[in-house]
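Thanks for coming. Please look at the structure first.

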Amino acid sequence: MSVKLFQDVETMYEGRLRKRKDLLKIDIPAMDLVEKCRVKFQKFIKHNFVYQWQATQFKNCVTEFPSDVIVSVVDFAENYTFKEQNEIQSMHWWSNQVTIFVHITYYRSQGEIQKVVHFFISDDKKHDTLFVQHCFMLHWGWAREQSTELRQHWVWSDGAASQFKAKRPFYFVGRYQSLTGLSMIWNFFESGHGKGEHDGAGAVIKRALTHEQLKADGEVLKNAGDVVEFLRKHFQDSDVKRVFWEVGINDVNRENEWNCEGIPQLRTLHSVRGYTWAGSHCIGVRQLSCYCYNCTRGLWKRCANRAHVTNWEYHTMVPLEDMDTSDTRHLDNEMFMTEGNGDQLSDALMVGDTFAVNAEEGNPEGADFYLLKCIQTKTLATTAICDGWDNNIGPGTFYVTGVFYERIDDAMFRLLDSAPPAYLYSHLVRSIKIPLTQISNAPNSALYSISLGAYEAIYNSMPWDLVE
Ligand SMILES: [Zn+2]
């Protein structure tokens, strides 16, 4: 059969034989084509399978939960940006944006499912795990008034590393039982697929705020307190039950980071169950969530989906001494990270870290991605700038600076530390703190190797570009 495929093409470039990829029309036996596609599709199929699986388990979870369980779906909505209003142009600006953390709650009252949407609104714009933990404790204060039967809390969120899917959020899952008396299971949707119900909930609120601010005689809204007061007054009438909370700018206690030792292979997990055992905070982890009849009742050993869902793997959370609290970065610094958006990742990037950025399809090197060593952290370009590799950065945008590693083969890279530094838009950063092993330290050509697991994780963090 005849198809168009990206093919390796060898060319001479500056006296060296280089491989590049080009879209060529070729004749190929069907079986060879199948083999070519197999590897690419395997990853795509696995990603799709996990996405479907988690979505199905969520549906089971939220319809079949027993009366001693409260179910939550949480996420940050995009910050609300205040619109300019005539009345306050001369006033001191408290804030130009507010944080909105959406917490959708399901519980049973006399057997019937009740749904309440909580909005935690704040001038505190740090979307970190400590903010999330603070909101969860406020939420618990509300939940225990609703039902005295509650014994478990099942939570769903995306896998954002700065807020939900990292060792410190997992430590909170482990501690939750000692804080509230409820055991917590936190589940992660597979990333990268559309918007959920919480996006809609956040959008409704923001539309109402914008509408009010654009009215000639609208109420003056200039900070989180005003927003909460306005929403409490005007947003209680509909059939959806809403609760509005104001989180004060200094309410979240960040003196204790609640840090702990890492959990291996954390990024591939989709379910984390906290419990306390012999005075220690512990978690069990699974690759996939399960809310089959037996798992819903805690009869894990009789799980109906054992062909897919592995047993819980148990870890004791080991607290770490508090690190320097003047350090305001809120991500787990030392951890290899391949999920979360480019802005979260580039925020956590430090000088000396190895990071990966997108390589365009059909790039001359045939690279799956580019590796760089960071030499300057995220910076705002005040004027247009250009590096020695013809990368242009526009004014008013954020970029990071690094030196390239040259790929020798799949597992081996050479650090080009005498080549010109490269400027890269911060949103292109896809993986950070990549673990490399140094093999030789010859000046200007230090060699490093990368494990297959790390390579695959980086490969999977790149955006999907399916060629039809
Ligand atoms: Zn099960």
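Start with strand E6 (residues 152-157) and strand E7 (residues 183-188), which run parallel and are joined by 6 bridges. Helices (H or I, at least four residues) and strands (E, at least two) are DSSP runs, numbered from the N terminus. Two strands pair if DSSP finds at least two bridges between them. Histidine 153 stands opposite methionine 184 in E7.

Before going on, two remarks on the model. It is predicted, so local features need pLDDT of at least 70 and side-chain atom pairs count only at pLDDT 80 or more, while totals for chains, interfaces and linings use all residues. Residues are numbered from 1 along each chain as its sequence is written.

Now the sheet. It is open, with 9 strands in the order E8-E5-E4-E3-E6-E7-E9-E10-E11, and its pairing is mixed. The edges are strand E8 (241-247) and strand E11 (313-316), each pairing on one side only. From one strand to the next, the twist averages 25°. Axes here are lines fitted to C-alpha atoms, for helices over the stretch in contact, and angles run from 0 to 180 degrees between N-to-C directions.

Next, the helices on the sheet. Helix H4 (residues 197-214) lies across E3, strand E4 (97-109) and strand E5 (112-122), at about 130° to E4. Helix H5 (residues 224-234) packs on the sheet too, touching E4, E5 and E8, and its direction makes about 160° with that of E8. Contact means that two C-beta atoms, placed from the backbone, lie within 7 Å.

What about the interior? A residue is buried if 20 or more other C-beta atoms lie within 10 Å of its own, exposed if 12 or fewer, and partly exposed in between. Of the 468 residues, 33% count as buried. A nonpolar core is a set of buried Ala, Val, Leu, Ile, Met, Phe, Trp, Tyr and Cys residues joined through C-beta atoms within 7 Å. The largest has 59 residues, and Phe119 and Val173 are among those with the most contacts inside it. Strand E3 (residues 69-81) gives the most to this core, with 8 residues. A second, separate core of 34 residues includes Phe404 and Tyr448.

Last, helix H8 (residues 452-461): which of its residues are buried? They are Ala454, Ala457, Ile458 and Ser461. These cover an arc of only 95° around the axis, which puts them on the same side of H8; the arc is that of the directions from the helix axis to the C-beta atoms.
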